[in-house]
Amino acid sequence: TPELRGWRVSRETGEILDQIVKFVREEIPPNESFLILSDLQIIYPLAGRDSYRGIPFIWHAGIMPTPGAQAEEVRKRIVDHPPDWILTSRQAGPFPFHEIIPYLGLTGDFWSPYVLVKTWGIYGMFKRMG
């Protein structure tokens, strides 16, 4: 990605980041909503996209959004306005995706209209089909 040319990063990480940015630029229409539920918030500016409105810029389950009212507000915002696209990451443990997903209660039926359309290493892009 030209915006990061010259930055030091592992080849694998850099290539994945470049591929995701390219996908967002080429495959996600600007009028469709896009939510990043992982540690790759930098993709928004690199891909020339606005961040998802009403959502924190960083995720840390149990800390940000703060437990209680703020976490519920974020959950409600996502459930009431489901994004057209979601990027998240896999991790070890009982729930296979980023820890923020079960923390916000975005499990079960929430994912039923989403289809995994592309993966890059531990990252996956989902598209809402219904």
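**A chat about the fold and a few of its residues**

Author: Happy to walk through this one with you. From the N terminus on, the elements run α-β-α-α-β-α-β-β, and please keep in mind that this is a predicted model.

Reader: Thanks! How many helices and strands is that in the protein?

Author: The protein has 4 helices and 4 strands. Its radius of gyration is 15 Å, close to the 14 Å that the globule rule gives for 130 residues, so the protein is as compact as a globular protein of that length.

Reader: Nice. What does the C-alpha trace span along its principal axes?

Author: About 40 × 30 × 25 Å.

Reader: And what share of the residues is buried?

Author: Buried residues account for 39% of the 130 in the protein.

Reader: Speaking of the surface, which residues make the nonpolar patch?

Author: Val115, Val117 and Met129 make it, and the patch covers about 260 Å². Val115 sits in strand β3, which runs over residues 114–120.

Reader: Why does Val115 count as partly exposed?

Author: Because its relative accessible area is 39%, and partly exposed means between the 20% limit for buried and the 50% limit for exposed.

Reader: Got it. Switching topic: where is Tyr123, and is it buried or exposed?

Author: Tyr123 lies in strand β4, residues 123–128. It counts as buried, because its relative accessibility is 10%.

Reader: What is Tyr123 in contact with, leaving aside neighbours within four places in sequence?

Author: Quite a list: Ile16, Ile20, Ser38, Asp39, Leu40, Leu87, Thr88, Ser89 and Lys118. Take Ile16 from that list: Tyr123 and Ile16 are 107 residues apart along the chain, yet their C-alpha atoms are separated by 8.6 Å.

Reader: What about contacts across the whole protein, how many join residues at least 24 apart?

Author: Among contacts between residues at least 6 apart in sequence, 59% join residues at least 24 apart.

Reader: Back to Thr88 from your list. Where is it, and is it buried or exposed?

Author: Thr88 belongs to strand β2, residues 85–89. With 0% relative accessibility, Thr88 counts as buried.

Reader: What does the side chain of Thr88 reach?

Author: The backbone oxygen of Leu37, at 2.8 Å. So for your notes, Thr88 has that polar contact to Leu37 and is also among the residues in contact with Tyr123.

Reader: Great, thanks for the tour!

Terms used:
Residues are numbered from 1 along each chain as its sequence is written. This is a predicted model: local features need pLDDT of at least 70, side-chain atom pairs count only at pLDDT 80 or more; totals for chains, interfaces and linings use all residues. Side-chain values use heavy atoms; hydrogens and water are left out. Patches are made of residues with over 30% relative accessible area and no salt bridge: like charges are joined within 9 Å, nonpolar side chains (Val, Leu, Ile, Met, Phe, Trp, Tyr) within 5 Å. Accessible areas come from the Shrake-Rupley method with a 1.4 Å probe; for residues, only the protein chains shown count as cover. A salt bridge is a side-chain nitrogen of Lys or Arg within 4 Å of a carboxyl oxygen of Asp or Glu. Helices (H or I, at least four residues) and strands (E, at least two) are DSSP runs, numbered from the N terminus. Buried means under 20% relative accessible area, exposed over 50%, partly exposed in between (1.4 Å probe, protein chains only). A polar contact is a pair of N or O atoms within 3.5 Å; within protein, one must be able to donate a hydrogen and the other to accept it, and residues adjacent in sequence count only if both atoms are side-chain atoms. Contact means heavy atoms within 4.5 Å. The radius of gyration is taken over C-alpha atoms; the globule rule is 2.2 Å times the number of residues to the power 0.38.
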